[in-house]
Structures are given as structure tokens and as C-alpha cells.
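Please look through the sequence and the structure shown here before reading on.

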Amino acid sequence: MKEKIRQFLAKNKNTENLTDDDDLFEKGFVNSLFALQLILFLEKEFRVRIPNDVIKEDNFRSVNAIVGTVAALTGSSAD
Amino acid sequence: MEDEKKIKCVVWDLDDTLWEGTLLAGDALVLKEGIREIIQELDRRGILQSVASKNNHDEAFAELQAFGLDEYFLCPRIHWGSKANSIREIGDAMNLGLDTFAFVDDRASERGEVNFHLPEVLTLDAAGYREILSLKRMNPVFVTEDAARRRAMYRDEMERNAAEAEFSGSSEAFLQSLGMRLRIAAVTEADLRRVEELTLRTSQMNATGYTYSFEELRALIHSEDHIFLTAELSDRFGDYGKIGLALLERTADRYVIKLLILSCRVMTRGIGSTLLIHIIRRSLNDGKPLFAEFLETERNRAMYVTYKFMGFEEKTKDGKKILLAYASDIKREYPAYIQVSPAEPL
């Protein structure tokens with residue numbers, strides 16, 4: 001799961017030195033399309049519907065946060 | 001109803017349409033009487049123009065340059081292939097539906113080919129060129145300042161897209177390379193047509209979809225209880241024009257965002273978030289809690305995500321109608337890749 005998410009991010013962000021805990025939004029990089037594409041990518045890739053109350057910064061703040069969010073929704077383990 | 005769509009692009013043939021005579025036959029070419037004025041007027045109305053002509057490209061283009069008309073035509077297709085294909089390519093390059101295209105040619109066979117393959121394109125006999133300006137579909141409801149600059153904006157946009165396609169880094173790095181500048185200002189009388197256009201035409205990047213009559217919009221400019229803002233974007237390729245709109249209602253104890261609209265042309269630029277940061281900073285400066293109305297539609301989820309990723313939380317929900325609140329006292333910083341003026345809210 002983590003690898004697929006990192007691949008998606010690499011297309012959109014400068015991920016060269018990105019660790020799994022780094023803050024994706026730290027530099028104010030939150031364009032609407034990226035945020036929406038991230039949500040849509042996760043929903044399609046992991047066959048899950050991300051409800052409105054889960055859509056917030058903290059749940060997508062880092063690679064690890066995203067993995068945790070998706071895992072909680074799918075009931076799967078983080079790997 | 002489809003027939004009523006306004007024309008956004010006119011594609012011209014050259015020989016015996018734009019000018020009298022046939023280039024390849026060695027005729028002395030003369031522009032048709034009044035054609036220059038027609039081209040200039042369509043341009044002023046914000047209608048884009050292009051060329052589909054069967055000729056040798058370099059010679060025909062040199063003629064257009066000699067007439068001083070080349071700058072009016074975006075992505076001209078001058079070659080010996082099908083004109084229907086040419087029109088399709090022009091539509092793709094401009095990202096416009098072909099049901100907003102018109103094609104002018106003196107030859108019935110060329111119009112027939114286009115009719116057959118692209119029935120949604122309006123075909124016009126060059127013999128009737130003097131009537132073009134008075135056709136209802138050639139008359140936009142409003143001609144805004146931005147409409148008159150549409151050709152330049154499309155040309156910039158095509159260059160931008162080409163640069164993005166060639167760019168090898170991430171989309172974040174591409175944004176950093178654009179050198180974007182966002183100017184936020186109070187709506188003025190001169191903006192009202194554009195403001196109305198944004199409220200009527202934007203569906204994806206529109207938080208509420210509320211519409212107002214022209215008179216209501218004008219009243220909002222002067223209202224003590226409202227803050228009405230436009231955002232104008234430019235980058236190293238040129239101007240995008242006025243692409244953002246926000247309406248805040250000011251009460252004794254709070255700000256409520258009634259409208260937040262961004263042109264879909266800037267959806268990948270982070271402008272929605274930037275405009276929101278501006279509003280957040282203002283509300284914190286003024287010590288007033290910030291709320292935002294949101295009306296859920298099939299198409300505006302990106303806007304919901306924008307709010308939520310900016311620290312807004314749902315306060316109440318009544319069917320499709322949501323009240324969001326900025327649930328933090330963090331004064332957010334503007335993204336590093338965009339220069340905002342004024343830096344501090346007025």
C-alpha cells in the first residue's frame with residue numbers, strides 16, 4: 001500500500017528526500033486538484049469510499065497518516 | 001437548445017473566403033471587403049479564430065502575415081489533409097467543444113465534408129460573410145474585458161501547456177517555475193460582468209452556486225455588510241485575467257463566506273487555497289470567527305476538499321447544505337510558489 005501511495009505522490013510532489021512522516025502540506029502545497037486527485041486515487045486504488053468526515057488535513061498529512069487512514073477504512077493492515 | 005450555443009471559435013478557409021483569388025493559381029490576392037473589420041470585431045467579442053486551408057503552409061502563412069492578420073489565428077491548420085480533421089485538432093488544442101465551432105468556406109464540398117464528420121459544427125457559406133457578425137450565435141451575452149483578451153489568454157495557455165508537457169519534474173516543481181502573482185482587490189463596477197459570468201458559468205470550483213441578479217451584485221459592492229473580492233492571476237506566460245471571486249458576509253460577530261469561485265482554468269494552481277488563506281488571515285486580524293456555506297453538488301467535491309484541507313470543519317449539515325467553520329487560530333502562510341498582493345488583507 002505504502003509503495004503505491006509513494007508512487008502517486010512522486011508524480012505530484014518533490015519527493016526526493018521525503019520520509020514517511022514528513023508533512024506534505026507544510027509549504028502550503030494544497031492545490032485543489034492535487035487534494036481531490038489524492039482522494040480519488042485512494043478510493044479507486046483501495047476500493048474504499050472516503051466519507052466527508054474523514055476528509056481533513058491531519059488524515060493525509062504524511063505518507064504514514066494516509067496509510068493509517070486507508071487502513072482504518074478498509075480494515076486491512078497497513079502493509 | 002443545442003443550436004443556441006454561442007460560437008466560441010470561427011475557423012476560416014483562405015482562398016476565395018478570406019481573400020479573393022487562389023494562392024496556388026498565382027492570383028493577385030485581395031482581402032474581401034470588410035473582412036478585416038469582421039475578424040477584428042469577432043476578436044473583440046472574445047470569439048477565437050483559426051484557419052483550415054488546403055495550401056502549402058509556408059506560402060499561405062506568409063500571405064496572412066503580409067495582410068497583418070496572422071496574429072488573430074490560433075493553431076492554424078494549413079495543409080492538404082481533411083478539414084474535418086483540422087477542425088477536430090483545433091478543438092482539442094483549444095479544449096473547446098466542437099458544438100461551439102463555426103466553419104466558413106466558399107466550397108460546398110468542404111462544408112459537406114465537415115457536416116458529415118462533425119455535424120455539431122456550424123458551417124457557413126463564405127458568400128454570406130457579411131452576415132456573420134449579426135448572427136445570434138456570434139453575439140455573446142456580454143463582452144467583458146476578459147473576453148476581449150481571450151485570444152491572448154488562450155495563446156498563453158497553450159504555451160503553458162506545452163511547457164508543462166515538456167517539464168520533467170513533479171507538478172509541484174512546475175508550479176514553482178511559473179512565477180505566479182495573485183492580486184486580490186475589492187470588486188468594482190467594471191468587474192461586474194465578469195463577476196456575473198463567473199457565478200453563472202462555474203460549477204466545479206464553486207462552493208455554493210448561489211447566483212445574484214446584476215443589480216444585486218452591484219448592491220453588494222456598496223454593502224457595508226459584505227466584503228466582495230476578486231483575484232487576478234498572472235505568471236511568466238502572461239495574464240489569466242480575473243479568475244477568482246469571494247463574497248463574505250460581515251455580521252457583528254462573524255464572517256460567513258457566501259461565495260467562493262475559481263475558474264476551472266486555474267484548478268491546478270492552488271488559487272482556491274491561497275484565496276482562503278487571505279480570508280482566514282483577515283478574519284484572524286479582525287478577531288472574528290470564520291464560517292463558510294457549502295452546497296454539495298455532483299461536481300463540486302474539489303471545493304469541499306479544499307475547505308477541509310484548509311482546516312475547516314463541518315458545523316451543521318442540512319441535506320446538501322453544509323455550514324463549515326475555520327476551527328483553528330493558526331494564521332496560515334501563503335504557498336511559497338505564489339506572490340500575493342496585498343500581502344496583508346486590506
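## Briefing on chains A and B

Chain B is divided into domain 1 (2-138) and domain 2 (174-341), with bounds that come from an automatic or database domain assignment. The C-alpha centres of domain 1 of chain B and domain 2 of chain B lie 39 Å apart. This is a predicted model, in which local features need pLDDT of at least 70 and side-chain atom pairs count only at pLDDT 80 or more, while totals for chains, interfaces and linings use all residues. Residues are numbered from 1 along each chain as its sequence is written, and chains are lettered from A, with ligands numbered from 1, in the order in which they are written.

**Chain B as a whole**

- Chain B has 11 helices and 15 strands, where helices (H or I, at least four residues) and strands (E, at least two) are DSSP runs numbered from the N terminus.
- The C-alpha trace of chain B spans about 75 × 45 × 35 Å along its principal axes.
- Of the 346 residues in chain B, 38% are buried; a residue counts as buried if 20 or more other C-beta atoms lie within 10 Å of its own, as exposed if 12 or fewer do, and as partly exposed in between, with C-beta atoms placed from the backbone.
- Among contacts in chain B between residues at least 6 apart in sequence, 66% join residues at least 24 apart, and two residues are in contact if their C-beta atoms, placed from the backbone, lie within 7 Å.

**The parallel sheet of chain B**

- Strands of a sheet pair through backbone hydrogen bonds, either parallel or antiparallel.
- In chain B, 5 strands form an open sheet in the order 5-4-1-6-7 with parallel pairing, and two strands pair if DSSP finds at least two bridges between them.
- Strand 5 (77-78) and strand 7 (122-125) of chain B stand at the edges, and because each has a single partner strand, one side of each is left without a neighbour in the sheet.
- Strand 4 (residues 48-53) of chain B pairs with strand 5 of chain B in the parallel sense over 2 bridges, and the bridge partner of B:Ala52 in strand 5 is B:Arg77.

**The mixed sheet of chain B**

- Another open sheet of chain B has 8 strands in the order 13-14-12-11-10-9-8-15, and its pairing is mixed.
- The edges of this sheet are strand 13 (312-318) and strand 15 of chain B, each with a single partner strand, so one side of each is left without a neighbour in the sheet.
- Neighbouring strands of this sheet are turned by 25° against each other on average, direction ignored.
- Strand 8 (residues 180-186) and strand 9 (residues 226-235) of chain B run antiparallel and are joined by 6 bridges, with B:Ala186 standing opposite B:Leu229 in strand 9.

**Helix packing in chain B**

- Helix 3 (residues 83-94) and helix 4 (residues 108-117) of chain B pack at an angle of about 55°, with their axes 8 Å apart; axes are lines fitted to C-alpha atoms, for helices over the stretch in contact, and angles run from 0 to 180 degrees between N-to-C directions.
- That angle makes helix 3 of chain B oblique to helix 4 of chain B, since angles under 35 degrees count as roughly parallel, over 145 as roughly antiparallel, 65 to 115 as roughly perpendicular and the rest as oblique.
- In this packing, B:Lys83, B:Ala84 and B:Ile87 of helix 3 meet B:Glu110, B:Glu113, B:Val114 and B:His117 of helix 4.
- By class, the contact of these helices has 3 nonpolar, 1 polar and 3 charged residues, where Ala, Val, Leu, Ile, Met, Phe, Trp, Tyr, Cys and Pro count as nonpolar, Asp, Glu, Lys and Arg as charged, and the others, Gly among them, as polar.
- Helix 3 of chain B also lies across strand 1 (9-12), strand 4, strand 5 and strand 6 of chain B, and runs at about 150° to strand 4.

**Backbone details**

- Most residues other than glycine have a negative phi, and most peptide bonds are trans.
- B:Asn95, in the loop between helix 3 and strand 6 (101-105) of chain B, has a positive phi near 60° and is exposed, with 11 other C-beta atoms within 10 Å.
- A cis peptide bond with omega of about -5° joins B:Ser341 and B:Pro342.

**Where the chains touch**

- In all, 18 residues of chain A are in contact with 25 residues of chain B.
- The largest share of the side of chain A that touches chain B, 5 residues, comes from helix 2 of chain A.
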